Every structure is written in C-alpha cells, then in structure tokens.
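Visitor: I have a few quick questions about this one. Can you put it up and walk me through it?

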There are 2 protein chains.
Amino acid sequence: MSLRFALLALLTSRPMTGYDVSKQFSQSVAHVWHAPDSQIYPELNRMERDGLLESAVVPWGKKGTKKEYAVTESGVTAFREWMDSPIEIRRQREPAYLKAAYLEWAEPGAARTELEQFRDYWTEHLAMLEATRATLLDRSHPTLARRLEHYDEREWDRIVRYKIFAYDGLIDQARTAIAWAERGLVLVDELEGSPVD
Amino acid sequence: MSLRFALLALLTSRPMTGYDVSKQFSQSVAHVWHAPDSQIYPELNRMERDGLLESAVVPWGKKGTKKEYAVTESGVTAFREWMDSPIEIRRQREPAYLKAAYLEWAEPGAARTELEQFRDYWTEHLAMLEATRATLLDRSHPTLARRLEHYDEREWDRIVRYKIFAYDGLIDQARTAIAWAERGLVLVDELEGSPVD
DNA sequence: TGCCACTCACTATAGAGATAGGTAGTTTGT
DNA sequence: ACAAACTACCTATCTCTATAGTGAGTGGCA
C-alpha cells in the first residue's frame with residue numbers, strides 16, 4: 001500500500017499528470033520506492049475513485065488532452081494519517097546476502113564477478129543519491145522548489161533537513177553495502193587463492 | 001524466484017519434510033529471505049514436479065505419514081547455476097525512508113514513536129543476527145553442523161567463513177539502520193522542540 | 001478420558017509487482 | 001512531407017507475497 005502514499009507525497013508538491021508523476025518519480029521518490037508506470041496509472045485511477053485525488057482534463061495541442069491530478073482534502077488527511085501510523089516492517093529479502101551465505105557452492109571467478117557487480121551497482125546508486133542530496137541541499141531540486149512555495153520561508157530549513165536525513169540514511173546503507181562487498185572480494189581471494197597467483 | 005534457491009540452499013544440508021523446512025527456515029535462511037509456510041509447501045511441490053527435489057513418504061506414528069524432500073542431481077546443478085549467475089538487483093522499497101523524507105507532515109510525537117519503533121525493531125533483529133552468528137562461529141548451529149558432515153574437515157573453515165561473511169553484512173546493515181534512527185531522534189528533538197521543554 | 005500443544009500439509013484469495021505490450025497525439029528536425 | 005522521438009495513457013498476464021484459514025494425526029499430562 002505504500003505506493004499510494006509515495007504518490008500522495010509527490011503530488012503534495014504540485015498537481016501533475018500521470019506522465020509527470022512517472023517521470024518525476026524516477027528522480028525523487030523512486031530512490032525510496034520504485035514503481036513502473038504500469039503500476040502508477042491504475043493506482044492514480046483508484047486513488048481518484050477513492051476520493052484522495054481529483055483530476056482536471058487539460059487540453060494538450062489541438063486534439064490531445066491530459067489529466068492533471070491534484071490531492072484533495074481527504075487525500076491530505078489520508079497522507080497525514082499514514083505519516084502518523086506505525087511503519088510497516090519489510091521482511092528481509094536480499095538475494096545478495098543469500099548467495100553470500102552459500103559462496104562455497106560458487107565458482108571462485110563467478111563469486112568475484114558477482115561481488116564486483118554488486119559493489120558497482122551500489123557505487124552507481126550512491127553517486128545518484130549523493131547528486132540528488134546536493135540538489136536538495138542547495139534547493140535546486142525542482143520538486144523540492146515547488147514544494148517549498150507552499151510554506152513560509154522560516155519552515156524551509158526544517159523541510160529540507162528531513163529530506164537530507166532520509167537521503168543520508170540511504171547513503172549510509174549504500175556505503176555499508178559497498179564496504180561489505182569489498183571485504184567479500186578480499187575474502188574470496190584469501191579463501192580461493194588470488195587469480196594472480 | 002529466489003525462494004526456490006533459498007529452499008535448495010537449506011535442503012543441501014540434509015533431507016527435510018516441509019514442516020522441518022518451514023521451522024528451520026526461521027532460524028537460518030529467513031534472516032536473508034523470509035517466507036511463510038503457505039509459500040513453502042506449494043513451492044516444494046513445484047520443485048518436485050520440476051525434478052529439483054525427490055520425496056520419500058516416511059511413516060510418522062501409527063497412521064500418520066510425512067513427506068521428506070531430498071535434493072536431486074538436477075537440483076544441485078540448478079543451485080550451482082544460480083550461484084554462478086548474476087545477482088538480481090532488488091529495487092529500493094523502504095517505507096521507513098519514504099516516511100523520513102516527509103517527516104514535516106508528521107506529528108512530532110508520532111515521528112519520535114516511529115523512529116523509536118524502527119530502532120527497536122532493528123535492535124532486536126541485530127541481537128538475533130549476532131546470536132546466530134555466534135552459533136555459526138562455534139559451529140553449534142544445527143543446520144551448519146549437518147551441512148559440514150558432507151565435507152572434509154579441511155573445508156570447514158572456508159564454509160563457515162562465508163556464512164559469517166553473510167551475517168556480518170546483515171549485522172552492518174542493522175547497525176547502520178539503528179545509528180540512522182538515533183540521529184533521526186536527535187533531529188526531531190532539535191527541529192520540533194524536545195518534549196521535555 | 002479429555003484436553004492441549006504441537007506436528008504435518010495444504011488451500012483459498014486478494015493484492016502487489018514485474019514485464020511486455022498497445023494506441024494515439026505532439027513536437028522537432030530534415 | 002516524413003520520420004523519429006517524445007508525451008500521454010492504458011491493458012494483459014504472470015508471478016510473487018501476505019493473510020487467513022482448514023483438517024487430521026501425535027504425544028503428554030491431569
């Protein structure tokens with residue numbers, strides 16, 4: 001059910017079309033909650049049906065139209081209620097750690113490759129997180145900028161610091177994962193013999 | 001599809017009934033890949049159908065029977081192939097970090113409670129991980145003990161160290177999460193005013 | 001003898017999520 | 001004039017996961 005609230009979170013910054021949402025998603029909320037557009041469009045429909053959103057049909061070009069969604073009062077209430085309700089705990093489900101526990105079954109070469117891929121994926125992810133963190137800190141992040149317009153200037157620091165806090169948590173997780181993979185590579189070399197030997 | 005390989009991993013230690021699997025699961029593999037028994041039983045059936053497992057009906061008491069699953073040759077091959085294939089990347093999907101990014105919408109009290117619950121959940125989880133790590137290190141972990149019987153004594157250290165490596169990764173993640181939640185609590189106190197004031 | 005906790009195995013159902021499409025209009029460049 | 005790329009929205013299907021059950025056998029103990 002968190003997708004619904006991820007969408008609400010995004011739409012509290014400004015009204016958007018489904019297309020906007022699916023584009024913006026990848027640049028902000030998706031770092032925390034990934035979703036493809038085939039999930040987003042139907043969910044927006046359901047949210048409108050449930051009264052959390054209302055839509056306005058906006059002309060687009062000569063014949064085209066688009067549907068702009070805005071959060072309703074009831075949507076804001078639902079979002080606040082979710083914010084104040086206990087966090088749902090996600091059970092561990094990590095193929096990488098599962099594999100790591102059984103590395104004695106892997107070819108040494110394959111083990112190394114996989115650890116490298118894992119490290120590289122997280123390194124890339126980390127770079128993206130740090131880039132986004134920087135745009136939040138200097139307030140050049142477009143969605144954040146739109147969001148701050150609704151607030152008094154004295155509130156800005158507080159809002160930005162929560163976003164930074166969330167990204168810092170993600171960055172810590174990424175760094176932890178990278179460090180672990182590095183240690184794994186050393187371990188594989190030690191136990192399976194370095195490939196250079 | 002990782003459930004299938006998590007089950008294979010467990011069953012390589014010794015043949016087990018579905019019930020054994022669902023019990024053992026919670027004490028070992030579940031730290032890495034959680035699954036309820038309603039997923040385990042059907043998956044074991046499918047794995048037998050696909051030739052990865054074979055089952056023997058074992059009498060149990062006077063009238064009862066149970067079904068014991070053992071990994072087949074083809075199951076071992078499939079497991080090795082999976083071990084040597086690239087890790088599937090799991091997209092971020094973390095309600096806690098999603099919420100953190102929008103804490104300006106929460107009641108200060110609720111924010112504190114949620115961060116405390118998050119910290120406490122991970123603290124408990126960490127304790128369990130550390131306890132399991134200790135039983136792996138001294139080789140008193142029952143599944144590990146059964147597993148080592150298949151191997152030459154000179155291999156034991158290598159096998160144990162990979163398990164420890166996996167648990168160390170999970171422990172690092174847990175510690176990182178706890179430290180982040182602690183910083184969050186300080187941040188909320190700073191931004192929302194300490195409740196003692 | 002009756003009860004309870006546990007062992008064993010499974011089903012039913014609904015929702016979430018991944019993957020892969022389809023269709024129609026618009027803008028931009030050549 | 002036409003193609004390519006982008007905007008916009010949606011569907012279909014399959015798998016995965018969560019939740020909540022069912023029902024029968026066993027072993028102990030009061």
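Guide: Let's begin with a sheet. Chain A has an open sheet of three strands, in the order 1-3-2, with antiparallel pairing. Strands pair if DSSP finds at least two bridges between them. Strands (E, at least two residues) and helices (H or I, at least four) are DSSP runs, numbered from the N terminus.

Visitor: Why do strand 1 and strand 2 of chain A each have one side without a neighbour in the sheet?

Guide: Strand 1 (16-17) and strand 2 (53-60) of chain A stand at the edges with a single partner strand each, so one side of each has no neighbour in the sheet.

Visitor: Before we go on, what kind of model is this, and how are things numbered?

Guide: This is a predicted model: local features need pLDDT of at least 70, side-chain atom pairs count only at pLDDT 80 or more, and totals for chains, interfaces and linings use all residues. Residues are numbered from 1 along each chain as its sequence is written, chains are lettered from A and ligands numbered from 1 in the order in which they are written, and side-chain values use heavy atoms, with hydrogens and water left out.

Visitor: Back to chain A. How many bridges pair strand 2 with strand 3?

Guide: Eight, in the antiparallel sense; strand 3 of chain A covers residues 64-71. Ser55(A) stands opposite Tyr69(A) of strand 3.

Visitor: And what order do the strands take in the chain B sheet?

Guide: The order is 1-3-2, in an open sheet of three strands with antiparallel pairing. Its edge strands are strand 1 (16-17) and strand 2 (53-60) of chain B, each pairing on one side only. Strand 1 of chain B runs antiparallel to strand 3 of chain B, joined by two bridges. There, Thr17(B) stands opposite Glu68(B).

Visitor: Now the DNA. Which residues are closest to DNA strand C?

Guide: Ser38(A), Lys62(A), Tyr19(B), Lys67(B) and Arg93(B) are the closest of the 24 residues that surround DNA strand C. A residue is near if one of its heavy atoms lies within 4 Å.

Visitor: Which side chains reach a phosphate oxygen?

Guide: Among them are Gln39(A), with a polar side-chain atom 3.4 Å from a phosphate oxygen of DNA strand C, and Lys66(B), at 3.2 Å.

Visitor: Switching to the two chains. How many residues touch?

Guide: 73 residues of chain A are in contact (heavy atoms within 4.5 Å) with 73 residues of chain B. The area buried between them is about 7700 Å², and carbon and sulfur atoms give 64% of it. That is accessible area (1.4 Å probe) lost on putting two parts together, summed over both.

Visitor: Which chain A residues lose the most?

Guide: Trp105(A), Tyr162(A) and Phe165(A), together 12% of what that side buries.

Visitor: How many salt bridges cross over?

Guide: The rule finds eight across the interface, taking a side-chain nitrogen of Lys or Arg within 4 Å of a carboxyl oxygen of Asp or Glu. In one salt bridge, Arg158(B) meets Glu192(A) at 3.0 Å, N to O. Helix 8 of chain A gives the most to the side that touches chain B, with 22 residues.

Key. Polar contact = N/O pair within 3.5 Å; in protein donor to acceptor, adjacent residues only side chain to side chain.
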